[in-house]
Amino acid sequence: MYKRIMSDVISKRLKEKRRFIQVILGPRQVGKTTAIGQVVKEINMPFHYAAADLPAPPDTQWIAMQWDLARIKAEKSSAVILVLDEIQKVAHWSSEVKRLWDEDGRLGNNIHVVLLGSSSLLLQKGLSESLAGRFELIRFPHWSWAEMKGCFGWSLDEYVFFGGYPASATLIRDEGRWGQYIRDSLIETALSKDILLLNRVEKPVLLRQLFVLSCEYGGQVLSYQKILGQLQDAGNTVTIAHYQKLLEGAFLISGLQKWAGSTLRLRNSSPKWLPLNTGLVTALSNRTFKEWRNDPILWGRLVETAVGAHLVNKGVLEGVEVYYWREGNNEVDFVLRKGNSVSAIEVKSGQKRPGAQGLTAFKKHYPRAKAFVVGISGMKLEEFFETPINKLIEK
C-alpha cells in the first residue's frame with residue numbers, strides 16, 4: 001500500500017514538472033528502501049541512490065558528493081531523482097540539503113530529492129529548522145495484519161505473535177532464528193545506530209532496560225516512579241521521560257497518555273507503555289508461539305498490545321490520536337480522537353473481567369463518544385484489523 005502511495009505522489013509531482021523534496025519516514029525494516037527502489041525503476045527515470053548507514057556517520061561533504069553525482073547524471077537527461085537513505089545519520093544534514101537545493105534552483109538543475117529516514121526526532125527537527133515549505137512527508141508505519149496476510153498468507157494468530165516486520169516473514173518456521181533476527185537486526189540496530197550513536201545518552205544501560213520493561217509491561221499503565229523501581233541503573237523521572245521520547249522517535253514504543261479532555265491533565269498523566277510491534281515483545285520473551293498461545297493471560301495481553309499498536313500505527317497516517325482512560329476502578333483500553341470526534345475501545349480477550357463497565361462509565365462522562373468492544377461479545381478481531389481507523393471514529 002505504501003509503495004503505491006509513494007509512487008502516486010512522486011508521479012504526480014513529476015507531472016507537475018516542478019522539483020520536489022519527498023521525505024519517507026518510518027521504522028527500520030518496513031520496506032522504505034525496497035519501495036523507493038521499485039518506484040524509481042517503474043518511473044523509468046535516471047536516479048542516484050546512496051545510504052548514509054555507514055559504520056561511522058558521514059559529514060555533510062558526503063551529501064555534497066552524492067549531489068554532484070546526481071548533477072552529472074542530470075547533464076545527460078532532463079531530470080534525475082536523488083535518493084538519500086538514512087539521512088538523519090548525517091550531522092547538520094538539513095542545512096546542507098537546503099543549500100544544495102537552493103543552489104540547484106539558481107542553476108536550473110532539475111534534480112528531484114527523496115530522503116529516507118528511520119528516526120522521527122532527528123528527521124523532523126531538521127525538516128522544521130531548514131526545509132520548512134520545501135518538502136512533502138510520507139509515513140511508513142509497521143505493517144498491518146491485512147498487509148502481512150495479503151503478502152505472506154499469515155493467520156491472525158501468526159500476526160499477533162510475530163508482528164508486522166515483512167523481512168522476518170520467511171523465518172517464522174524457525175522461531176529461534178526468527179527471534180535472533182528481531183533482536184540483532186531490528187532491536188539492537190535501532191538502539192545502537194538510531195539512538196545511542198546519534199543522541200547524547202549518558203546512561204545507555206538505563207535506556208536499554210527501559211525498552212525491555214516497556215515490552216514486558218506492554219499495555220499497562222506505569223508511572224515513571226514505578227518504572228524507576230524496576231530498573232537496576234540509577235536515574236530520575238526526567239531521564240526516563242527523555243529516554244521514552246528517544247525510543248518513540250525510533251518507532252519502537254509509544255507512551256500513551258491518559259484521556260481527560262484536558263491538555264494539561266494529559267501531559268501530567270502516567271503513560272500506558274505500548275510496543276509498536278508485537279514481534280518486539282515476543283522476541284525478547286524467549287517463549288515459543290505455543291507457550292504464548294496456551295497461556296490465556298499472556299495471550300490476552302499480547303492481543304491488547306496488537307490492537308493498540310495497530311491503532312497508533314494507523315492513527316499516524318490518518319491524523320487520529322490514541323489515548324487510554326482511567327477513572328477510579330473504571331478503565332478503557334484505548335480512546336481515539338480526531339477533531340471533535342471521540343471513540344472508546346475495550347479489548348476483551350477472555351481473561352479480563354466480564355462486562356463493559358469501563359465503557360459505560362466513559363459514556364457517562366462523554367455521552368457523545370462512540371464505544372466499541374473488540375473481541376469476545378463484540379467486534380471480532382479479524383473485523384477490527386480490517387476496518388479503516390476512520391470508520392471507528394467517524395460519526
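This is a predicted model: local features need pLDDT of at least 70, side-chain atom pairs count only at pLDDT 80 or more; totals for chains, interfaces and linings use all residues.
Four strands form an open sheet in the order β9-β10-β11-β12, and their pairing is mixed. At the edges stand β9 and β12 (370-375), each of which pairs on one side only. Direction ignored, neighbouring strands of this sheet are turned by 30° against each other on average. Within the sheet, strand β10 (residues 330-338) and strand β11 (residues 341-348) pair in the antiparallel sense, with five bridges between them. To find this pairing in the structure, one can look for Arg337, which stands opposite Val342 in β11.

Helices accompany the sheet. Helix α15 packs on it and touches β9, β10 and β11; the direction of α15 makes about 20° with that of β10. Helix α16 (residues 357-365) lies across β9, β10, β11 and β12, and runs at about 55° to β10.

Helix α15 also has a helical partner. Two packed helices are described by the angle between their axes and the distance between the axes. For helix α13 (residues 278-285) and α15, the angle is about 150° and the axes are 9 Å apart. On the α13 side, the contact is made by Thr278, Val281 and Thr282, while α15 brings Leu302, Thr305 and Ala306. The residues of this contact of α13 with α15 comprise three nonpolar and three polar ones, with no charged residue.

Next comes the empty space in the model. Rolling a probe the size of a water molecule over the atoms shows where such space is left. The largest pocket holds about 880 Å³. It is lined by 35 residues, and those closest to its centre are Glu248, Ser254, Gly255, Val312 and Val316. Two or more residues of the lining come from each of α5 (120-130), α11 (237-249), β7 (253-256), α15 (296-318) and β9 (321-327).

Finally, one residue deserves a look of its own. Gly176 is found in helix α8 (residues 175-196). Is Gly176 buried, exposed or partly exposed? Gly176 counts as partly exposed because its relative accessible area is 48%, a value between the limits of 20% and 50%. Along the chain, Gly176 and Arg287 are 111 residues apart, yet their C-alpha atoms are separated by 9.8 Å.

Methods
Residues are numbered from 1 along each chain as its sequence is written. Side-chain values use heavy atoms; hydrogens and water are left out. Buried means under 20% relative accessible area, exposed over 50%, partly exposed in between (1.4 Å probe, protein chains only). On a 1 Å grid over the protein atoms alone, a cavity is a set of points where a 1.4 Å probe fits but cannot get out, and a pocket is an open set with protein on both sides within 12 Å along at least five of seven lines; lining residues have an atom within 4 Å of a point. Grid points are joined across faces, edges and corners, and a volume is the space filled by probe spheres set on the points. Two strands pair if DSSP finds at least two bridges between them. Axes are lines fitted to C-alpha atoms, for helices over the stretch in contact, and angles run from 0 to 180 degrees between N-to-C directions. Contact means heavy atoms within 4.5 Å. Ala, Val, Leu, Ile, Met, Phe, Trp, Tyr, Cys and Pro count as nonpolar, Asp, Glu, Lys and Arg as charged, and the others, Gly among them, as polar.
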